[in-house]
Amino acid sequence: MEFNIEDIIKVTGAEILHKTNTDGEFKVSTDTRKISKDLGNIIYLPLRGENFDGHNFIDKAIENGAKGYFTQEKYKINKNADFVLYVQNTLIAYLKLAKHIREKINPKVIAITGSSGKTTTKEMLSSVLETTFKTHKSKLNHNNEIGLCETMFSMPLDTEILVVEMGMRNLGEIQLLTSYSLPDAGIITNIGSAHVEKLGNQKNIAIAKCEIASNLKPDGIFIGQDSEILNETLNYQGKKVLPKLSDCSNIEIEIGKTAFDYGKTRYNLSVEGEHNIENALLVIETAKWAGVTTENIQKGLLNYKPIEKRWEITKIGDLTFINDSYNANPESMTAVLKTFLSVYKAPLCVLLGDMKELGKNEIAYHKKIGEFLSSYQGVTLLTVGELAKFISRACTLDSKHFDNKQECAKYVKNNLEPNTTILLKASRSMKFEEIIEMVKNL
């Protein structure tokens, strides 16, 4: 979307520090690499973070063709620019402009958060909504303030429903995101132990997640998995729907397939696992609220396919790898292991890595995974990472720990029996997809 200077000043409260020409409509860019004279009138908006400062690239932006720029430093004046706009905080200015876009296009906004499953739910919901509405969604893990702005700035003018994913590490972050996105519907996939390192306990995690309802419209809707901690924490006076797995019947789970009855309808997924049923229930209830027909809900759920690093299947020789290493916490790891070990046939191997941001009880969380695995027989356990070694130590299965991914890849290549299926699960920072590439290149 393009803005004129009058709109920009009205929305952001900017002060003009320098001006020679402000005529025309302008696009906003935070990336100097995406600025050129061929792309029309562009205003550069420099963002500042812990490890970067876009103000250092103002001169580059003007050199590349930006007509003007924002700054939160009054002395940052490049006279080669047509104009310079001062704001106290460029990120807040970005958010205010994004909110202006949201209000001008005026789609229904659905916000999703949770300790795990939020990206899967976002993708699954979008697959369903796209059967009926012009739908726009957050890309990948664009779930912070900058990601929210990028999502709303890229929203087509004919968007009918906007689906945004919201992540958090501290209290107040989701409330900030909702104050600029103004959701009509809020979804919490679950409340687990992710980010307990910073928030201290699960109750604080629940409080932070429930901020998604802080700016929900009174005539909106909240959808979440029924749980004691959610019921204790959620403060929303509007419509609430809290489905749970026990609401389903006739559940059938096979490799690449899940079927279940919910209400009077049979639903099918092209992925396996009870955790995916739980995600689907949230999608079904949200889609019904949005006005999607039962037939299109069924169609959209069946069409859903996992994105990269989520149940991504790769075959190398006679070995099959299932890469679910986009992220991990105790709840998601247990759910995925349960599905894998109950659906797939031997020979099986689980290759697990560190789960991050679990705070002072991180070792105990890893030990519990090892204890959980001990109830399964005939499975090979491999671990990599300083924390993952406690999974091996607590597990009674045949297990082996490696100090690095290279040694693990060699063992996988040379020691696993033919036709083994290998599940990889770890926090994103472990970069477990590299193990697959290493095996491929051995």
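**Strands and a charged patch in a predicted model**

Me: How do strand 17 and strand 18 run, and how many bridges join them?
Reply: In this predicted model, strand 17 (residues 348-353) and strand 18 run parallel, joined by six bridges.

Me: Which residue stands opposite Thr 380?
Reply: Cys 349 stands opposite Thr 380 of strand 18.

Me: Is strand 18 buried or exposed?
Reply: Six of the six residues of strand 18 (residues 379-384) are buried, so the strand is largely enclosed by the rest of the structure. Both of its faces are covered. Val 379, Leu 381 and Thr 383 lie on one side, with Thr 380, Leu 382 and Val 384 on the other.

Me: Turning to strand 14, which residues are on its covered face and which on its uncovered one?
Reply: Thr 265, Tyr 267 and Leu 269 make up the covered face of strand 14 (residues 265-269), whereas Arg 266 and Asn 268 belong to the uncovered one.

Me: Why do the residues alternate like that?
Reply: In a regular strand, side chains alternate between the two faces of the sheet.

Me: In what sense does strand 13 pair with strand 14?
Reply: Strand 13 (residues 257-262) pairs with strand 14 in the antiparallel sense, over five bridges. Thr 258 stands opposite Leu 269 of strand 14. The two strands form a hairpin with two residues between them, and Gly 263 in the turn has a positive phi of about 65 degrees.

Me: Now the surface: which residues gather in the patch of negative charge?
Reply: The patch consists of Glu 2, Glu 6, Asp 23 and Glu 25.

Me: Where does Asp 23 lie?
Reply: Asp 23 is in the loop between strand 1 (15-19) and strand 2 (27-29). Asp 23 is exposed, with a relative accessible area of 61%.

Technical notes:
Residues numbered from 1 in each chain as written. Predicted model: local features only at pLDDT ≥ 70, side-chain atom pairs only at ≥ 80, totals over all residues. Heavy atoms only, no water. Patch = residues over 30% accessible without salt bridge, like charges linked within 9 Å, V, L, I, M, F, W, Y side chains within 5 Å. Areas by Shrake-Rupley, 256 points an atom, 1.4 Å probe, with all protein chains shown as cover. Salt bridge = Lys/Arg side-chain N within 4 Å of Asp/Glu carboxyl O. Lys, Arg positive; Asp, Glu negative; His and termini not counted. Charge placed at Lys NZ, Arg CZ, Asp CG, Glu CD. Helix = DSSP H or I, 4+ residues; strand = E, 2+ residues; numbered from the N terminus. Buried < 20%, exposed > 50% of the residue type's maximum accessible area, 1.4 Å probe, protein only. Pairing = 2+ DSSP bridges.
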